[in-house]
Amino acid sequence: MTLTLFLGHGRTEMRGGPAIFMSIYSQWPEREKYIIYEKSYIRTVKKLVSFLRNNKSNKNVSTLILENEYFTEVFLALLLKIFYRVLTIYGPAYHIPSAPVYGKGFINSLVHYIDYKIGLWFMAIVYSGIYTENSYMRNYILGLNPKQRVIVESPGIKEESIIPLGELKNYKRDIDLLYLTSMTKNKGIYDFLDAANQIQRKYNKVKIGIAGYSSPAVMDYIENFIKNNNMKNVEIYPNVNDADKYKLYSRSKIYILPSVEDGIPITFYEAWSYGVVVIAYNLETYSDVKDYFIQVEKSNVQELKDKCIEACRNYNQTFNALAEKSYNYSLNHSFSNGIENIINQIMENNKMLRRAR
């Protein structure tokens, strides 16, 4: 008897990569499956060791699906390959971190960068298949190994969240600028705060919304920043749930994502499907969707501020230019259909590999 093992770790809420990983597990058609997903890497390793000790029956692991690109996690896949020689391995490759810049946090950034780069190299060489949201990463993986099987699928909006565009046009939007994602440096929370503060100093009636997962330390920083800069009209929603998240989109004019490393974020699709204009740093991994958001040079806070002001001043014109085509693009990327396509392609690839043995 064989089973599929799902393996990963993550500290943030079930969005983006974690949501895709958990949805693949939930929709996986084979009855025999087992998941190890913990908030810490150490707990994940302990659970894996316990699984290997207890799995001395006839359940042979035939397929392994991982949640992260980190080499620390890929290394576990390489070890499992020793126990299960015919194991097929799959995992995501959404983006590549920015090269570290010398300064505060340089060592952590360097370790993060090396962890990713080594992980991606081993994935390209060893994995049976890799799934990604964007063609940039597909080309990157094929550059490492032209024979690798790369699945490009970008799961977007959940069908139950879709609202007709005509209805969205009538929404009264009182939040001018919305930040909604994990509140981390890589996702751009500090750049967003700097830009929002500069904008409010010039236009004090601009209303700001901040929502998403945050550590206590970052939340303290945000609250102190707002207080020290005497910022007004700011609403903060830490650990926002799905219902409140969509309410925030329905109230917002412009969604800001100054992330410096990302695949194609699920928040893009959510914002687009609610008629929200998107402004974001222009990353290489966004090449497939570059016509559906306002592009800003990466880490250029001054340009970010200027583009936000311009979009606010000319909101109706900006909405008419972007909202409808981005809304339609979003509707073409169903979350459940995207997950189903990833699963189907993994299953088909497994059949092909087993026939070749």
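**Group meeting: strands, helices and cores in a predicted model**

What we have is a predicted model, in which local features need pLDDT of at least 70 and side-chain atom pairs count only at pLDDT 80 or more, while totals for chains, interfaces and linings use all residues. Residues are numbered from 1 along each chain as its sequence is written, and side-chain values use heavy atoms, with hydrogens and water left out.

S4 and S5 pair in the parallel sense over three bridges, where pairing requires that DSSP finds at least two bridges between two strands. Between them the chain passes through H4, and this β-α-β crossover is right-handed, meaning that with the strands pointing away from the viewer the path from the first strand over the helix to the second runs clockwise. On to the next neighbour: S5 is joined to strand S6, residues 150-152, by three bridges, and these two strands run parallel, with Ile151 in S6 as the bridge partner of Tyr131. S5, helix H5 (residues 135-144) and S6 again make a right-handed β-α-β unit.

Helix H3, residues 71-83, has 13 residues and reaches 19 Å from its first C-alpha to its last, close to the 18 Å expected at 1.5 Å a residue, the expected span being 1.5 Å times one less than the number of residues. Its buried residues are Glu73, Val74, Leu76, Ala77 and Leu80, and seen down the axis of H3 they fall within an arc of 145°, so they line one face of the helix; the arc is that of the directions from the helix axis to the C-beta atoms. These buried residues pack against strands S1, S3 and S4 and helices H2 and H4, contact being heavy atoms within 4.5 Å.

In H2, the buried residues are Thr44, Leu48 and Phe51, and they lie within an arc of 60° seen down the axis, so they too line one face of their helix. On the other side of H2, Ile42, Lys46, Arg53 and Asn54 are exposed, whereas its buried residues pack against S1, strand S2 (33-38), S3 and H3.

As for cores, the largest nonpolar core has 64 residues, and those with the most contacts inside it are Ile210, Tyr255, Phe268, Ile279 and Val289; a nonpolar core is a set of buried Ala, Val, Leu, Ile, Met, Phe, Trp, Tyr and Cys residues joined through side-chain atoms within 4.5 Å. A second, separate core of 26 residues includes Leu5, Leu120, Tyr127 and Val150.

Asn230, in the loop between helix H8 and strand S9, has a positive phi of about 55° although it is not a glycine, and Asn230 is exposed at 54% relative accessible area. Ser299, in the loop between strand S12 and helix H11, likewise has a positive phi, of about 70°, and counts as partly exposed at 45% relative accessibility.

Definitions and conventions. Buried < 20%, exposed > 50% of the residue type's maximum accessible area, 1.4 Å probe, protein only. Helix = DSSP H or I, 4+ residues; strand = E, 2+ residues; numbered from the N terminus.
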